[in-house]
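Here is a short note to read beside the structure. Please go through the points in order, with the chains in view.

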Amino acid sequence: MVTRRVIPCLDVRDGRVVKGVRFQGLRDQGDPAALAQSYEAQGADEIVMLDVSATPEGRRTALETVRAIREVLSIPLTVGGGVRSLADARALLEAGADKVSVNTAAFEDPGLLSAIAEGLGRQCAVLALDAARRPEGGFEVLVRSGRQRTGRDAVAWAREAVAAGAGEVLLTSWDRDGTGEGYDLDLLAAVCQAVPVPVIASGGADRPEDLVAAFRAGADAVLAASIFHEGRWTVDRLKEHLAREGIEVRRC
Amino acid sequence: MSSVTGTSGGPREGPAGTVMVVATGVANVASVLAAWRRLGVSARLTRDPAEVLEASHVQLPGVGSFGAAMESLRQDGLDEALRRRMALGRPTLAICVGLQVLAEASEESPGVPGIGVFPGVVRRFPGTVRVPQFGWNAVSLPGGQRPPEAPLAPGHAYFANSYRLAEAPGGWQWAVADHGGPFVAALWRGAVLATQFHPELSGPWGLGVMARFAALPADGRTSW
């Protein structure tokens with residue numbers, strides 16, 4: 001059986017790892033390559049790097065950061081943030097990414113997912129889906145780093161994106177991101193049931209119990225940032241806990 | 001090149017010590033080249049069929065779809081160069097789709113013939129499991145071999161694939177993993193090694209597989 005994955009996430013801005021709450025109030029958390037290398041040594045299954053800079057200069061710096069991480073990393077690297085075209089995706093792969101996640105641009109044109117799947121392989125095309133609860137029930141898609149509500153049903157969009165070419169869904173709960181209140185399990189279960197591809201749970205992890213709950217809700221992988229950056233949990237200690245709870249994980 | 005047994009070795013000199021990586025497209029070639037650098041093994045990209053035929057060590061990385069990979073290989077006669085060097089028993093490492101194109105065909109790209117180094121058709125994983133398979137899966141060796149008699153030890157390897165070979169062809173040794181049923185995780189015969197997993201993304205365990213390949217003597221005499 002393929003084991004469940006634990007994925008530390010590096011939000012990178014101007015060459016440094018940062019982390020905020022609900023995508024705001026970013027704090028410095030360290031050097032991306034050094035953190036990635038340390039997480040690999042702890043038993044991380046994969047690294048996700050999200051470029052949260054918003055300028056062309058920041059984008060160029062992000063490519064440099066990808067190269068620096070790739071030089072020291074022997075596990076898969078997914079990179080996202082600001083990918084608008086097949087050429088952007090290709091540039092990230094050439095710099096050393098193994099997969100590319102797309103969010104706003106894919107929402108505006110699902111053909112981007114098809115282009116990446118056809119040009120670079122479906123295994124390279126990751127849909128980053130930010131979703132928030134609607135007062136009337138259900139979940140809606142947010143784009144532009146959570147700043148814009150779209151009114152579109154998140155589960156329906158996940159289905160459409162996978163049909164267009166996405167090979168994996170990185171699902172972030174905007175309500176929970178950075179809050180430490182645990183993953184949104186209803187959102188997770190709804191998307192996991194709707195699509196045949198792997199789903200990565202993101203947003204809200206604080207305690208090991210949160211990760212256990214996400215796996216039990218159907219997640220194939222869990223993404224977490226603060227829990228690792230702040231040194232409260234190492235990946236190997238966390239996996240020890242998961243294994244005790246009966247979750248099948250890779251131990252180093 | 002027979003002195004490297006661990007996961008690291010000193011830098012090699014001259015063309016005989018260079019792994020030639022077949023440039024079939026962009027994919028994650030950067031990851032492959034970075035892994036060789038970490039091992040201290042010199043590697044570079046090529047699309048020259050003469051180099052692909054003659055080089056001491058050749059690697060065929062995994063890229064995109066079966067059909068796209070075959071189209072790229074056929075363009076410059078790289079498919080024929082690979083077929084000939086493998087028939088001559090020259091050290092060749094094929095990864096992911098690189099393994100799949102050695103078969104006769106794939107459900108992924110109907111009507112596109114593979115290189116046909118071994119019989120068999122690559123098929124999609126069953127609908128009972130998540131596809132693509134993304135992640136680390138346990139690899140075991142039904143024959144019970146261990147390095148140096150085999151190119152790999154039991155361990156966890158990183159996979160990213162929707163299609164797989166369900167059974168090993170006759171005359172090949174193999175390693176197995178399970179995703180909705182057993183499938184071929186790796187195949188080897190003589191100095192030809194094909195892995196469905198990505199050794200360049202499989203941590204120190206995967207780097208060990210690459211180091212053992214780089215340590216094969218160029219003349220095709222092998223210990224596997």
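In which order do the seven strands of the open sheet in chain B stand? The points below begin with that, and they concern a predicted model.

1. The seven-strand sheet. The order in chain B is S2-S1-S3-S4-S12-S11-S10, and the sheet is open with mixed pairing. Strand S2 (42-46) and strand S10 (173-178) of chain B are at the edges; each has a single partner strand, so one side of each has no neighbour in the sheet. On average, and with direction ignored, neighbouring strands of this sheet are turned by 20 degrees against each other. As background, the strands of a sheet pair through backbone hydrogen bonds, and the pairing is either parallel or antiparallel.

2. S10(B) pairs with strand S11 (residues 182-189) of chain B in the antiparallel sense, over six bridges. Two pairs of residues can be looked up here: Trp174(B) has Leu187(B) as its bridge partner in S11(B), and Gln173(B) stands opposite Trp188(B). The hairpin of S10(B) and S11(B) has three residues between the strands, and in this hairpin Gly180(B) takes a positive phi near 65 degrees.

3. The three-strand sheet. Chain B also has an open sheet of three strands in the order S5-S6-S9, with mixed pairing. Its edge strands are strand S5 (105-106) and strand S9 (163-164) of chain B, each of which pairs on one side only. S5(B) pairs with strand S6 (residues 121-124) of chain B in the parallel sense, over two bridges. In this pair, Ser106(B) is opposite Val122(B) of S6(B).

4. A salt bridge in chain A. How many salt bridges does the structure hold over all chains? There are 29 salt bridges over all chains. In one of them, the side chains of Lys99(A) and Glu46(A) meet at 2.8 Å, N to O. Lys99(A) belongs to strand S6 (residues 99-102) of chain A, while Glu46(A) is in the loop between helix H1 (32-42) and strand S4 (47-51) of chain A, so the pair ties together parts that are 53 residues apart in sequence. In general, side chains of opposite charge can pair when their charged atoms come close.

5. A cavity in chain A. Searching the whole structure gives two cavities of 30 Å³ or more. The second largest cavity has a volume of about 40 Å³. Among the residues that line this cavity are Leu171(A), Tyr183(A), Asp184(A) and Ala201(A). Strand S10 (168-173), helix H7 (185-194) and strand S11 (199-202) of chain A are the elements that give two or more residues to this lining. The largest share, three residues, comes from S10(A). By kind, the lining has five nonpolar, three polar and one charged residue.

6. A pocket. The second largest pocket holds about 290 Å³ of space. Which residues lie nearest its centre? Of the 16 lining residues, these are Met1(A), Val2(A), Arg4(A), Asp220(A) and His179(B). The lining of this pocket divides into seven nonpolar, four polar and five charged residues.

Note on methods:
Residues numbered from 1 in each chain as written. Chains lettered and ligands numbered in written order. Predicted model: local features only at pLDDT ≥ 70, side-chain atom pairs only at ≥ 80, totals over all residues. Heavy atoms only, no water. Pairing = 2+ DSSP bridges. Helix = DSSP H or I, 4+ residues; strand = E, 2+ residues; numbered from the N terminus. Axes fitted to C-alpha atoms, helices over the stretch in contact; angles between N-to-C directions. 1 Å grid on protein atoms, 1.4 Å probe; cavity = no way out; pocket = protein on both sides within 12 Å on 5 of 7 lines; lining within 4 Å. Points joined across faces, edges and corners; volume = space filled by probe spheres on them. Nonpolar A, V, L, I, M, F, W, Y, C, P; charged D, E, K, R; others polar. Salt bridge = Lys/Arg side-chain N within 4 Å of Asp/Glu carboxyl O.
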